[in-house]
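Please open the model in your viewer and keep the selection panel at hand. The tour below goes from one selection to the next and says what is there.

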Amino acid sequence: MKKERPTFRDELEHLEATVRALEERDIDLDEALKLFEEGVARLKSARSLLQDAEVEVKRVIEQADGTIKTAKLDT
Amino acid sequence: MWRTDNQRLGPPPDDGTEVFVEARPTVWEERGEFRLTIKTLIPTAAGGMWQLQLERAKAALARDGLLDPERKRPLPAYPRRIAVVTSPDGAALRDILSVIGRRWPAVVVWVVPTRVQGEGAEDDLCAALERLHRLPDVDVAIVGRGGGSREDLWVFNSERVARTLAAAPIPTISAVGHETDVTLTDLVADLRAPTPSAAAEAAVPDRGAVLDTVDGLARRLGRSLTSQLDMGSQRLARTEDRLAGVIGHLLERRKARVDAIAARLDALSPLKVLARGYAVARDGRGRVLKTVAALRPGLDFRLTVADGEVDARVTKGES
């Protein structure tokens, strides 16, 4: 199955890797600041994903020609 | 069969009757005998052809390896698209959506509607599960329904339904009825959940716990930057100290050398000699006049003494 957008797991793993890299002793300050900024951006997107998301519910419909489409489902 | 067990049995069954038996197997090695000591005996017509069918289907699935624990796939940690194969009007769907909304709302739920009981439910459910195979980018699927009578849940014991579910290309969770109901779909799914709500809980992570993880990472991020900056400034301070030390040392050495040279120069200086009362006579072209012959009578010359020069003239020759 193809995945274009990064998954939340990828995001979380990237964030962890960023933090670990920043915790390493042997990096220069420019690199440290870059990592920090990157980490802050990832944190922000992770938090907003968790806090602002709303479940989207769709109904799967098979059409006469066998193709599949989805429609809004009122629950 | 022992007499005590036989007495409880009633009239003996007719020849050719299919029965379930509960029996204790014994092997007599020396006689090469295998014995079943039967305790109870139930004609299948009474106990339920259903049960027999179920056992046969289960055996067939097991033969094909569909019940192997190694087949079970892990569920995705953070699904984004979840398919739910169930009745669109059932309590199961409501429960599932409410749990997902509470725990992990960052998902799209695709409901694949199907009848889950009664006439035509088996075909319907199989068709819905086949549809599931064709849905793009679904991370995990929940198949199930709420509680009901054994008849209500029976479609989930269909071998055809179980095989279609087992063929799903994505991890599946089966949740049929209440905790005590175990169906064939439960056995072939990657996970058996006791109820639809439990299936939803298994399908998505808990956002409170994940937020804690994220907060922890945020704290580590802040701390690590602070410590990087601290380390940077400490290093700078150390470098500054060392630089000052090195330069100070260099200056000291240079100064000592200059002092030494100055002392040697001082010792050699002719001025020192002049200070002791000697004088130097030079002619107009600056040549030092060292002999009587050079100091002809009447010659003008300059005399250098300790604190300066004076003009002088030779008045008389050698006396």
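Predicted model: local features only at pLDDT ≥ 70, side-chain atom pairs only at ≥ 80, totals over all residues.

Residues are numbered from 1 along each chain as its sequence is written, and chains are lettered from A and ligands numbered from 1 in the order in which they are written.

Next, select the contact between the chains (C-beta atoms, placed from the backbone, within 7 Å), to which chain B gives 33 residues and chain A gives 31. On the side of chain B that touches chain A, helix H10(B) gives the most, with 12 residues; helices here are DSSP runs of H or I with at least four residues, and strands are runs of E with at least two, numbered from the N terminus.

Now show strand S1 (residues 56-62) of chain A with S4(B), which run parallel and are joined by 4 bridges; strands pair if DSSP finds at least two bridges between them. Within this pairing, Arg59(A) has Val111(B) as its bridge partner.

Finally, select H5(B) and helix H7 (residues 159-166) of chain B, which pack at an angle of about 5° with their axes 9 Å apart. The contact includes Leu125(B) of H5(B) and Val161(B) of H7(B).

Key. Contact = placed C-beta atoms within 7 Å. Axes fitted to C-alpha atoms, helices over the stretch in contact; angles between N-to-C directions.
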